[in-house]
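Q: Please take a close look at the aromatic rings in this model. Which contacts do they make?

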Amino acid sequence: MELLTKKFQVRSAINSLSNNKSIGFVPTMGSFHEGHVSLIRKAAEECDVVVVSVFVNPTQFGIGEDLAKYPRNIDRDSCLAEEEGVDIFFAPSEEEMYPKGRQETWVRLGEIEEKLCGAFRPGHFRGVATVVAKLTNIVRPNKLYLGEKDFQQLRVVQRMVEDLDMGAEVIGCPTLREPDGLAMSSRNAYMSPEERAAAKVIYEALMEAKKVAQTGTHSADRVKQALVEKLVSEPLCRLQFVSVCDSESLEELTRLGGSVLIAIGAYFGTTRMVDSIVLSFS
Ligand code: AMP
């Protein structure tokens, strides 16, 4: 595995590959868990060359968010990547990605940016889209692997790649969960044992909502009500939003139909968690 920190090194490593090699790219913020590993494995299954980046991107963190305390485990991450057969491990500095802290050109997103998490994190998805565009332009992958865990992020990147003809195929990968259903996340380590135990209510609420949605009701409000009732029953859960929306446009629904995203954003202590499931209705 090549462990690279400079953009030009990644470009020359990729340029030296023969043209007929397919490149799979997994962008991450590091502190790997099995969710990250599942994306790397999928990329390795489907592509000749696997590139992984680890970059805690400052432009997607708002004021008062957890940029400074975001967990960083670059040595462990590079060992795991090596074990998984990653070919290129790109871990740039902030200065390498934003020389002199300067970035004047940003990806401007449509309405999708303001929905769900976007309503509470102004500028977050602009930061995500811009860094994914920069990284994708450096790596020029055939396939880009992202988790459904961060469903809005997946949709934002899919739209950007399509709208800007970036030429990569975006592959959404299923969410890996802990035994109690909690979605794996680098941020889970922030929680106290009590908060961590309480956080399983997120998955329980999603399963409750699924049950209600599958009773034959067409009412999105009934599904939302089931989500809220379950979440507020947990005293350590501070609810931010629930959403029952179209999984493509992320427009809120009143009537269930087609592919429906059921999503939750909630705090446990100071840790913000997001999770979602997708259900199909004929
Ligand atoms: P992050 O390092 O948190 O930015 O995540 C890097 C990539 O891994 C993103 O595409 C995430 O959606 C994905 N990811 C994070 N958690 C999970 C999980 N539990 N299961 C599958 N993919 C995940």
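A: Start with a ring under a charge. In this predicted model, the charged end of Arg 126 sits over the ring of Trp 106, 4.0 Å from the ring centre. Lys 69 likewise lies over a ring face, that of Tyr 190, at 4.3 Å from the centre.

Now ring against ring. A pair of aromatic rings is described by the distance of the centres and the angle of the planes. Searching the whole structure gives three aromatic pairs. One of them joins Phe 55 and Tyr 98. Their centres are 6.2 Å apart, with 40 degrees between the planes, and the pair is tilted. Phe 55 belongs to the loop between β3 (49-54) and α3 (74-83). Tyr 98 belongs to the loop between α4 (94-97) and α5 (124-139). The two are 43 residues apart, so this pair links distant parts of the chain. Both Phe 55 and Tyr 98 are buried.

Another pair is Phe 120 with Phe 241. The ring centres lie 5.8 Å apart and the planes meet at 10 degrees; under 30 degrees counts as stacked, so this pair is stacked. This pair also links distant parts of the chain, at 121 residues apart. Phe 120 is in the loop between α4 and α5, while Phe 241 is in strand β7 (residues 237-246). Phe 120 is partly exposed, at 39% relative accessible area. Phe 241 has 9% relative accessibility and counts as buried, because the cut-off is under 20%.

Terms used. Residues numbered from 1 in each chain as written. Predicted model: local features only at pLDDT ≥ 70, side-chain atom pairs only at ≥ 80, totals over all residues. Heavy atoms only, no water. Phe/Tyr/Trp six-rings, centres within 6.5 Å; stacked < 30°, edge-to-face > 60°. Helix = DSSP H or I, 4+ residues; strand = E, 2+ residues; numbered from the N terminus. Buried < 20%, exposed > 50% of the residue type's maximum accessible area, 1.4 Å probe, protein only. Lys NZ or Arg CZ within 6 Å of the ring centre and 35° of its normal.
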